[in-house]
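Please read the points beside the coordinates.

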Amino acid sequence: MTIDSGFNHITVLLDEAVEALALRADGCYLDGTFGRGGHSRLILSKLGPQGRLLGFDKDPQAIATGQALAAEDGRFVIVQRSFAELGSEVAERGLAGKVSGILLDLGVSSPQLDDPERGFSFLNDGPLDMRMNPDQGISAAEFIATAPAEEIARVFKEYGEERFAGRMARAVVERREKQPFTRTADLAEVLKVANPAWEKGKNPATRAFQGLRIHVNNELGDLETGLEAALDALEVGGRLAVISFHSLEDRIVKLFMRKLVKGEADNLPRNLPVQHKVFEPKIKLIGKAQFASEAELKANPRSRSAVMRVAEKLR
Ligand SMILES: C[S@@+](CC[C@H](N)C(=O)[O-])C[C@H]1O[C@@H](n2cnc3c(N)ncnc32)[C@H](O)[C@@H]1O
């Protein structure tokens, strides 16, 4: 596999995210979403000889780039796993509770979206796949071919926030009975015809495609598991920075952090007598939600939906 596929990724909130980690030269850091290594390279440039960085990605092309970086820099290691599994990875490496900072820059990279062969794009025709790791799980084509209409509608509605999910799912099921879907453009065309309310400036298949992508890659499930695992992996004083690209992700991050700021008492019935310790926060928030600057928005339109939240582990 070639490392440089010709598709580039412009890192979002590069300086802001690395600054948020409050790096210590000899610290041990974790980049849960290596991508093309924009954040990782800047982190490494600030670490000393004793510093370490562990990268994760599901995507084989990201892993190839990461392996090339690891060959150049002995402080860096990359693994092809979901960050949802970071708990067992850090435990195997004897790093549980010892990680100084964790970064999650969620979602897909530009090379994944732009390369039609990856099957994410409704604009450029390609095989209907959408898996970040094409060797794991089922492709979008398999899901669309086998799932009941109600399940397809749920995915469009819950993960794509598509108002006409039911109608669009029925159109998909009707068509697949005559001919299965194998290409992104074919599916996009059927969704487009079934969508009665086109939003200005938005392809009518956008929401359904987002829903499919999130489902096929278990993006929200991985995020929930990954956040819990990240908290356990961090040392006291360690930082967690998460960049989200849509409201479903950001909501999970926001609620997760809010729960830990309030302490466990959040889950208890209101009138129950509890020890003071139960109310002690597990994290503190570092600043408010951060967005891309005007200059970044101009230079990289994909940064417009980015929001970063940062927390520090207290106990
Ligand atoms: C927005 S890009 C990250 C870009 C990266 N920060 C950079 O500067 O190049 C997201 C990357 O995370 C990967 N990814 C998404 N969810 C993942 C997960 N649960 N586990 C591991 N990698 C994941 C994707 O394959 C993609 O390469």
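1. A cavity is a set of points on a 1 Å grid over the protein atoms alone where a 1.4 Å probe fits but cannot get out, and lining residues have an atom within 4 Å of a point. Grid points are joined across faces, edges and corners, and a volume is the space filled by probe spheres set on the points.

2. The model is predicted: local features need pLDDT of at least 70, side-chain atom pairs count only at pLDDT 80 or more, and totals for chains, interfaces and linings use all residues. Residues are numbered from 1 along each chain as its sequence is written, and side-chain values use heavy atoms, with hydrogens and water left out.

3. The whole structure holds two cavities of 30 Å³ or more. The largest has about 40 Å³ of space, and its lining includes E162, W198 and R207.

4. The second largest cavity has about 30 Å³ of space. Among the residues that line this cavity are L231, F256 and K313.

5. Salt bridges (a side-chain nitrogen of Lys or Arg within 4 Å of a carboxyl oxygen of Asp or Glu) number 21 in the whole structure. One of them joins D59 and R118, at 2.7 Å from N to O; these two residues lie 59 residues apart. Buried means under 20% relative accessible area, with a 1.4 Å probe and protein chains only; D59 is buried at 1% and R118 at 7%.

6. E89 forms a salt bridge with R81, with the closest N and O atoms 2.7 Å apart. A network of salt bridges links R81, E85, E89, E92 and R93.

Technical notes: 1 Å grid on protein atoms, 1.4 Å probe; cavity = no way out; pocket = protein on both sides within 12 Å on 5 of 7 lines; lining within 4 Å. Helix = DSSP H or I, 4+ residues; strand = E, 2+ residues; numbered from the N terminus. Buried < 20%, exposed > 50% of the residue type's maximum accessible area, 1.4 Å probe, protein only.
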